[in-house]
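The entries below follow the order in which I looked things up.

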Amino acid sequence: MYYFIGIKGSGMASLALILYDLGYEVAGSDIDKYIFIEEDLRKKGIPIYSFDKNNIKDGYHVVIGNAFDDTNEEVRAAKENPNVITHTYYGFLGHLMDQYVSIGISGTHGKTTTTGMAYHLFKGYDKTSVLIGDGTGHAVKDSKYFIAETCEYQDHFLHYYPNYIVINNIELDHVDYFKSMEQYVASFEKYASQAKDTVIVWGDDPHLKHMNYTKRVIRFGLNDDNDVVAKNVINSDHGLSFDVYIHKDLFGHFNLPFFGMHMLYNVLAVLTIGYLEGMDAEYIEDRLSSFEGVKRRYSVKEIDNCVYVDDYAHHPTAVKYVIEATRIRYPGKKIVALFKPDRFSRILRFAKEFAEAMDLADYPYLCHFPENAKKEDGIDIDITEIGQYIPRAKIIKEDDEAAQMLAEYENVVYLFMSSKDIYKLEEKVISKKAQ
């Protein structure tokens with residue numbers, strides 16, 4: 001039995017699903033509050049218990065989630081039982097990845113989408129297993145490839161040694177852990193040195209351009225000094241159209257149903273891995289054309305004359321990308337943008353940048369921090385930290401009154417942006433519209 005303490009965590013749920021697919025008995029525990037990630041676990045019939053030290057039995061392999069320590073009764077019970085083998089999440093994942101041709105997808109922005117896109121490309125090429133940071137995990141016995149989203153938070157990705165490492169971009173984040181840009185870049189540089197084969201990076205990124213690499217590097221981007229270059233790019237409401245040159249030679253022309261330049265860079269990263277593994281342009285275009293995205297990353301519902309978008313954006317650059325891509329995709333509609341914060345330290349550090357990003361919307365709204373947002377020493381702020389820099393934004397509660405007010409808009413795109421459960425407000429607005 002593999003037992004997961006914190007099984008509703010996005011990576012933990014993915015890993016539990018992978019082991020289930022490989023034929024192992026799986027169960028786990030977590031807080032009782034509903035989290036959307038648990039849906040796939042329940043569909044598979046994987047038991048989810050409340051925390052109780054008596055859940056831990058002799059002979060179990062216990063995987064401990066990153067958010068849990070010896071203050072948790074199950075963690076203590078597992079560590080104190082000589083007949084239980086304990087694993088950290090990242091230690092277990094690192095061991096698993098070593099058994100395949102592994103691809104680690106990293107970078108400040110776009111990890112989840114790029115991981116999903118790479119999986120969609122590779123699973124049609126050969127047996128492939130995947131772990132995505134949105135709670136998705138799939139495994140096939142005797143897989144050749146294993147693709148994993150690898151996060152820099154608290155240097156977790158330094159536990160992994162993939163064959164291929166992708167770094168989409170670098171922009172300071174997780175400022176509760178990383179105290180400077182230098183520390184942040186140094187972590188990515190160390191991770192890049194752990195590639196068994198090749199590092200694939202956005203060559204136009206100002207930080208990635210100047211990092212020291214000890215392994216083979218393939219650079220993608222728009223500038224001619226990259227190895228993989230996109231030229232003749234058309235970014236319109238019909239999608240992306242572009243030519244790809246690899247080492248100065250034309251590789252192929254691509255028409256893809258994606259919107260925004262950030263999606264072009266995600267495509268170039270995935271295309272580069274595919275090229276290195278022997279895929280041709282026709283196959284790559286055909287596979288990527290049917291990629292429909294991943295959970296909570298620009299998830300679209302079109303109802304009557306309004307569009308509802310749920311997105312995980314929780315960094316000002318990601319908010320900016322989402323709004324810009326929406327302008328391109330829906331040129332005839334006004335944008336109602338709603339943002340709900342997560343970490344106090346991130347909002348304190350980037351308040352002005354969040355305000356500037358939200359100012360790109362026609363009707364900006366700011367929601368309060370979740371009641372259970374983790375307190376951070378020395379930080380006492382609320383959503384007005386952003387609001388002071390964008391006075392036209394309205395601060396709202398996620399209640400029926402706010403939903404009714406939002407429902408008054410017609411022929412608009414609603415953008416619900418947060419790493420938290422802002423999708424509940426989306427459901428309320430849709431319900432009010434239907435009344």
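Entry 1. In this predicted model, I looked up strand β12 (residues 216-221) and strand β13 (residues 228-236), and they pair in the parallel sense over two bridges. I noted that F220 stands opposite V228 in β13.

Entry 2. I then traced the sheet as a whole. It is an open sheet of 10 strands with mixed pairing, in the order β8-β7-β9-β6-β10-β11-β12-β13-β14-β15. Its edge strands are β8 (137-138) and β15 (249-256), each of which pairs on one side only.

Entry 3. I checked which helices lie across strands. Helix α4 (residues 89-97) lies across β6 (101-106), β7 (128-131) and β9 (145-149), and runs at about 155° to β9. Helix α7 (residues 261-276) lies across β6, β10 (164-167), β11 (198-202), β12, β13, β14 (239-246) and β15, and its angle to β14 is about 40°.

Entry 4. I turned to strand β17 (residues 306-311). Six of its six residues are buried, that is, under 20% relative accessible area, so the strand is largely enclosed by the rest of the structure. C306, Y308 and D310 point one way from β17, while V307, V309 and D311 point the other way.

Entry 5. Which strands pair with β17? I found β16 (residues 299-303), antiparallel over five bridges, and β21 (residues 412-417), parallel over five bridges. β16 and β17 form a hairpin with two residues between them, and D304 in the turn has a positive phi of about 55°.

How values were computed
Residues are numbered from 1 along each chain as its sequence is written. This is a predicted model: local features need pLDDT of at least 70, side-chain atom pairs count only at pLDDT 80 or more; totals for chains, interfaces and linings use all residues. Side-chain values use heavy atoms; hydrogens and water are left out. Buried means under 20% relative accessible area, exposed over 50%, partly exposed in between (1.4 Å probe, protein chains only). Helices (H or I, at least four residues) and strands (E, at least two) are DSSP runs, numbered from the N terminus. Two strands pair if DSSP finds at least two bridges between them. Contact means heavy atoms within 4.5 Å. Axes are lines fitted to C-alpha atoms, for helices over the stretch in contact, and angles run from 0 to 180 degrees between N-to-C directions.
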